[in-house]
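Student: I'd like to learn how to read helix packing and cavities in a model. Can we go through one together?

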Amino acid sequence: MSKGSGWDQRLVVGSGGKGLVGHAGAVLLRKCADRTGLTGGLNRILPRGAGPSWWDRGTVLVSLAVAIVCGATSMSDIGLLAHQGLVFGDPPSEATVRRALAGLDEAGLKRIGRARAKVRARVWDLLARRPAGFPWLTVAGKLLSGWVIIDLDATLITAHSNKQGAAATCKRGFGFHPLGAWCANTGESLAMLLRSGNAGSNTVTDHIRVLGDAIAQLPVAYRRKILIRIDGAGATHDLLAHIEQMNRLWRTVRFTVGWTITDVDETAIAALLETAWTDSLQQDGTATDQAQAAELTGLNQRVESWTPGLRLIVRRTRPTARHAKKLTDLEKRTGWRYQVVATNIRRLHGVAGSHHPQFLDVLHRSHDTRSYHPHQSGTKRSSRTGRAEIKTL
């Protein structure tokens, strides 16, 4: 048995007041990785060594992931796992972590991707066997059964020193601008591309690569109906054409993307009759008069130069004080702030009312109600790991 494995062979959980371990949820996270086969799968496909001090590289990577959940922001923070020393034993050293990461190349990353996909297929099979079944998303009270939703988004990560790849960002910061893909059904990170801080938001090549890596992570049985949601960075001709080409007889791919409003769009918005606007929907499906939605497609000639069947859905809300300086002349004149979403959804099979502008509006906005970034509110890095008495016999 290599160092770092077999730690839970004699593990019990009690309710007394002795042997307390901080962030006890980290123990469950590590145990989940071991039980699902992730740790063992990574150990099999990464370089192996021998000797009493050798750490299997898969175990090191899983330990590093657990440390990140506990708050680690650098390789040296692997020492945070010392809080679980009574359970895990001594954590791998910073030097061991550094060597494990330095030994990864493109071929190794591809092997890791295949190992992750294999474990995910097993986990999703277990999810589907639950009494509640697989966690299909519910939007505005409508169950999107059979639809797997992939959210693509970029985020800015601040670097406090001149690290490799760090650069000035569009927000006048310094660091990185990674692009990631998440599964909204399960909250899992499917793919991630590390990019320098000055990487563009509308980089088609990066979006296509991350999207391809994300779909490769989906079990084959869950690739039949895919919905892709992207913010304004996704509104590029090449990316939307690429997504359209992914449609097959056996696979349906739909998307919603943010749309940058131009003068042409504002002209179309101004031409809308007041009767075209209907109350928007909230996430629970109830109507609200605080926002309204309308179909813009037939009034906008700009759509004709894009992919066939593209629809534009416009939403209007009353602007707040923080929007005052960025309002256009049309918004100042009408007293509304406008946002537009582009989509190829005519109807989602099996979802009643999915063709209505109000539903498409709330479907895209539900992308913003989930936070996948560790530095934002709603983070998956939860402090609710609590304390528990964990003993080794």
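Tutor: Let's start with a contact, meaning heavy atoms within 4.5 Å. Here Glu-106, Gly-113, Arg-116, Ala-117 and Arg-120 of α6 touch Arg-209, Ala-216 and Gln-217 of α7. By class, that contact has two nonpolar, two polar and four charged residues. Ala, Val, Leu, Ile, Met, Phe, Trp, Tyr, Cys and Pro count as nonpolar, Asp, Glu, Lys and Arg as charged, and the others, Gly among them, as polar.

Student: What kind of model is this, and how are residues numbered?

Tutor: It's a predicted model, where local features need pLDDT of at least 70 and side-chain atom pairs count only at pLDDT 80 or more, while totals for chains, interfaces and linings use all residues. Residues are numbered from 1 along each chain as its sequence is written, and side-chain values use heavy atoms, with hydrogens and water left out.

Student: At what angle do α6 and α7 cross?

Tutor: Helix α6 (residues 106–128) and helix α7 (residues 204–217) cross at roughly 40°, and their axes come within 8 Å. Angles under 35 degrees count as roughly parallel, over 145 as roughly antiparallel, 65 to 115 as roughly perpendicular and the rest as oblique. So α6 and α7 are oblique to each other.

Student: How do α1 and α3 cross?

Tutor: For helix α1 (residues 25–35) and helix α3 (residues 57–69), the crossing is roughly 150°, with axes that come within 10 Å. That's why α1 and α3 are roughly antiparallel to each other. On the α1 side, Ala-26, Leu-29, Arg-30 and Ala-33 meet Thr-59, Val-62, Ser-63, Val-66 and Val-69 of α3. Sorted by class, the α1 and α3 contact residues are six nonpolar, two polar and one charged.

Student: And which way do α3 and α5 lie?

Tutor: The axes of α3 and helix α5 (residues 94–102) are 10 Å apart, at an angle of about 110°. They are therefore roughly perpendicular to each other. Arg-57, Val-60, Leu-61 and Leu-64 of α3 make the contact with Thr-96, Val-97, Arg-99, Ala-100 and Leu-101 of α5.

Student: How many cavities are there?

Tutor: A cavity is a set of points on a 1 Å grid where a 1.4 Å probe fits but cannot get out, and lining residues have an atom within 4 Å of a point. This structure holds one cavity of 30 Å³ or more. The largest cavity has a volume of about 80 Å³. Eleven residues line it, with Arg-30, Trp-55, Ser-63, Leu-81 and Phe-88 nearest its centre. Its lining comprises six nonpolar, three polar and two charged residues.

How values were computed: Axes are lines fitted to C-alpha atoms, for helices over the stretch in contact, and angles run from 0 to 180 degrees between N-to-C directions. Helices (H or I, at least four residues) and strands (E, at least two) are DSSP runs, numbered from the N terminus. On a 1 Å grid over the protein atoms alone, a cavity is a set of points where a 1.4 Å probe fits but cannot get out, and a pocket is an open set with protein on both sides within 12 Å along at least five of seven lines; lining residues have an atom within 4 Å of a point. Grid points are joined across faces, edges and corners, and a volume is the space filled by probe spheres set on the points.
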